[in-house]
There are 2 protein chains.
Amino acid sequence: MASNLASALITKLTASNILDGADVQALQQLPIKQRRLAAQQIIVADGSQPQECCLLEEGFAFRAKMTPDGHRQVLSLHIPGEIPDLQSLHLNVMDHDLLTLTPCSLGFIPHAALRNLNRQRPKVADALWRETLIDAAMFREWIVNIGRRSATERMAHLFVEVHSRLRAIGRTTDGDFSFPITQGDLADCLGLSVVHVNRVLQSFRKQGLIRAERSEYRIVDHSKLQEVAGFDPTYLHAHPGA
Amino acid sequence: MASNLASALITKLTASNILDGADVQALQQLPIKQRRLAAQQIIVADGSQPQECCLLEEGFAFRAKMTPDGHRQVLSLHIPGEIPDLQSLHLNVMDHDLLTLTPCSLGFIPHAALRNLNRQRPKVADALWRETLIDAAMFREWIVNIGRRSATERMAHLFVEVHSRLRAIGRTTDGDFSFPITQGDLADCLGLSVVHVNRVLQSFRKQGLIRAERSEYRIVDHSKLQEVAGFDPTYLHAHPGA
DNA sequence: ATGTAAACCAAACAATTGGTATGCCGAGGC
DNA sequence: GCCTCGGCATACCAATTGTTTGGTTTACAT
């Protein structure tokens, strides 16, 4: 079981980093404890001081932060292969929550093991550092999305981003992918109200851009959606060199 | 001259990281080229592939990103002691611009020197990694600010954050600090229009929260502003341990 | 089968925020 | 000295988005 978990991580890291055999071997020997969680459960809570990092093997997760007056803002969405709280390795206190969006299979890796690995295998350390930097790049785009795009553009951008990331890990079938999220959670992603999310979704459907049954969304007209979004994938830093 | 530059960096890193004498010494020996730039100049351009990192010695800088339709969103503000493009060490292509806000004195450190340093002094590497993680934490708060706070709250939050960060490096005198920024740039920080920024500023002045002459802002009623902002400094991760 | 809760949909209305136009003032160039 | 330009202020109007409310469907438990 731990080997499945490790391989998700290795796939992820080798996709956008250059690692050698010894690096991969070291990754395979990481002690990973598996745990399953239902949807909408807290994985790591704001204010806590985690001693391990969480590897997402299966399912969707997200990070979110509450304002003092009780509003929620989603900060990022996470898909299989990612380590959504890698920052806790060097930032002792969580400044936000990490939650499951759907039922998830998770792997937990002790900080001590990761720190040791980083000392032994500098290239792995660099790869992990790089992952946190890509994380930050995605935050930057998220800022632009909320700050300077209209509700329509915002939503289009979110769909295109998720599709693009899922495709990179082979979880799409042609233009189609499944993305199970509630309209309320979408609103918290986009800094909008639920009603307005609904409005925009209706208009997308009328224009034949997406299909949606219950909380499963599918892109129909991908190129059009991409155009609406003004999507430029540079910020995903999908490719290692150059 | 280079020693002044290095000391700004050392002050910054030792403030929130535990480094020993050899680490500090290694930092002091970094080759740093100084350069001065006028206000509103591009330091590192979107799309470029920098071979050095930029240390801000004096002045204000900011990072910004354009949307395809020409709108600008500011992603972060930077104050002396910070390395605003440290991410370029592992992310080869810039996904945004780095610019001077005011006239700046900058130090440039070759990537090669930093990479070498990271291999020799793992604790320095961790400290630098940590800086990029704090960066990301600030992006997260920026997202919350734009996504879930009203224009008034947003602006209050920005002022309180900048004040708090300037105080940490000893650049405030009691409640007072100077923050030279144009209303247009403020708008790009907050995801608002210039007119609305002006409205909010007027109301802040009427309420005696801030003073502003030309593009120099000063906080008058700090505690009130902090309350309006709903400010919680956790995300700044100002303290090393725990 | 029935009840309940959550998600979704829809309409009317309200509020915040954006756009455009205009005038003023101070800084700097000639 | 004068001109131009950028930044600031203000007014008016428009548009986007939020709020409130209520109704419908779906899922699931009893």
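**Contacts, cover and DNA**

Reply: Start inside chain A, in a predicted model. Beyond its neighbours within four places in sequence, His163(A) is in contact with Thr172(A), Asp174(A), Gly175(A), Phe177(A), Ile219(A) and His222(A).

Me: Is His163(A) buried or exposed, and at what relative accessibility?
Reply: His163(A) is found in helix α5 of chain A, residues 151–168. Buried means under 20% relative accessible area. His163(A) therefore counts as buried, at 2%.

Me: Which residues of α6(A) are buried?
Reply: Helix α6 of chain A covers residues 183–190 and is mostly covered, with 6 of its 8 residues buried. The cover includes β5, α4, α5, α7 and β10 of chain A together with α4 of chain B. The buried residues are Asp185(A), Leu186(A), Ala187(A), Asp188(A), Cys189(A) and Leu190(A).

Me: Which residue follows α6(A), and what is its phi near?
Reply: The helix spans residues 183–190. Gly191(A) follows α6(A). The phi of Gly191(A) is positive, near 70 degrees.

Me: Is Ile32(A) buried or exposed?
Reply: Ile32(A) has its place in the loop between α2 (21–28) and β1 (33–37) of chain A. The cut-off for buried is under 20% relative accessible area. At 9%, Ile32(A) is therefore buried.

Me: How many Å apart in space are Ile32(A) and Asn145(A), C-alpha to C-alpha?
Reply: In sequence, 113 residues separate Ile32(A) and Asn145(A). In space, the C-alpha to C-alpha value for Ile32(A) and Asn145(A) is 35 Å.

Me: What does the side chain of Asp69(A) make a polar contact with at 2.9 Å?
Reply: Asp69(A) lies in the loop between β4 (61–66) and β5 (72–78) of chain A. Asp69(A) counts as partly exposed, at 44% relative accessibility. Its side chain makes a polar contact with the side chain of His71(A) at 3.5 Å. At 2.9 Å, the polar contact of Asp69(A) is with the side chain of Thr67(A).

Me: What is the radius of gyration of chain A, and what would a compact globule have?
Reply: Chain A has 242 residues, and 58% of them count as buried. Its C-alpha atoms fill a box of roughly 55 × 40 × 30 Å along the principal axes. A compact globule with 242 residues would have a radius of gyration near 18 Å, so chain A agrees with its 18 Å.

Me: How many helices and strands does chain A have?
Reply: Take the contacts of chain A with a separation of 6 or more: residues 24 or more positions apart account for 72% of them. The secondary structure of chain A comes to 8 helices and 10 strands.

Me: Which element gives the most to the surface near DNA strand D?
Reply: 18 residues surround DNA strand D, the closest being Val195(A), Arg199(A), Arg214(A), Gln183(B) and Asn198(B). Sugar and phosphate account for 65% of the atoms of DNA strand D within 4 Å of the protein. α7 of chain A and α7 of chain B each supply at least two residues of the surface. With 5 residues, the element that gives the most is α7(B).

Me: How many Å is a phosphate oxygen of DNA strand D from an N or O atom in the side chain of Gln183(B)?
Reply: A polar side-chain atom of His196(A) lies 3.3 Å from a phosphate oxygen of DNA strand D. For Gln202(B), the value is also 3.3 Å. For Gln183(B), it is 2.6 Å.

Terms used. Residues are numbered from 1 along each chain as its sequence is written. Chains are lettered from A and ligands numbered from 1 in the order in which they are written. This is a predicted model: local features need pLDDT of at least 70, side-chain atom pairs count only at pLDDT 80 or more; totals for chains, interfaces and linings use all residues. Side-chain values use heavy atoms; hydrogens and water are left out. A residue is near a molecule or strand if one of its heavy atoms lies within 4 Å of it. A polar contact is a pair of N or O atoms within 3.5 Å; within protein, one must be able to donate a hydrogen and the other to accept it, and residues adjacent in sequence count only if both atoms are side-chain atoms. Helices (H or I, at least four residues) and strands (E, at least two) are DSSP runs, numbered from the N terminus. Buried means under 20% relative accessible area, exposed over 50%, partly exposed in between (1.4 Å probe, protein chains only). The radius of gyration is taken over C-alpha atoms; the globule rule is 2.2 Å times the number of residues to the power 0.38. Contact means heavy atoms within 4.5 Å.
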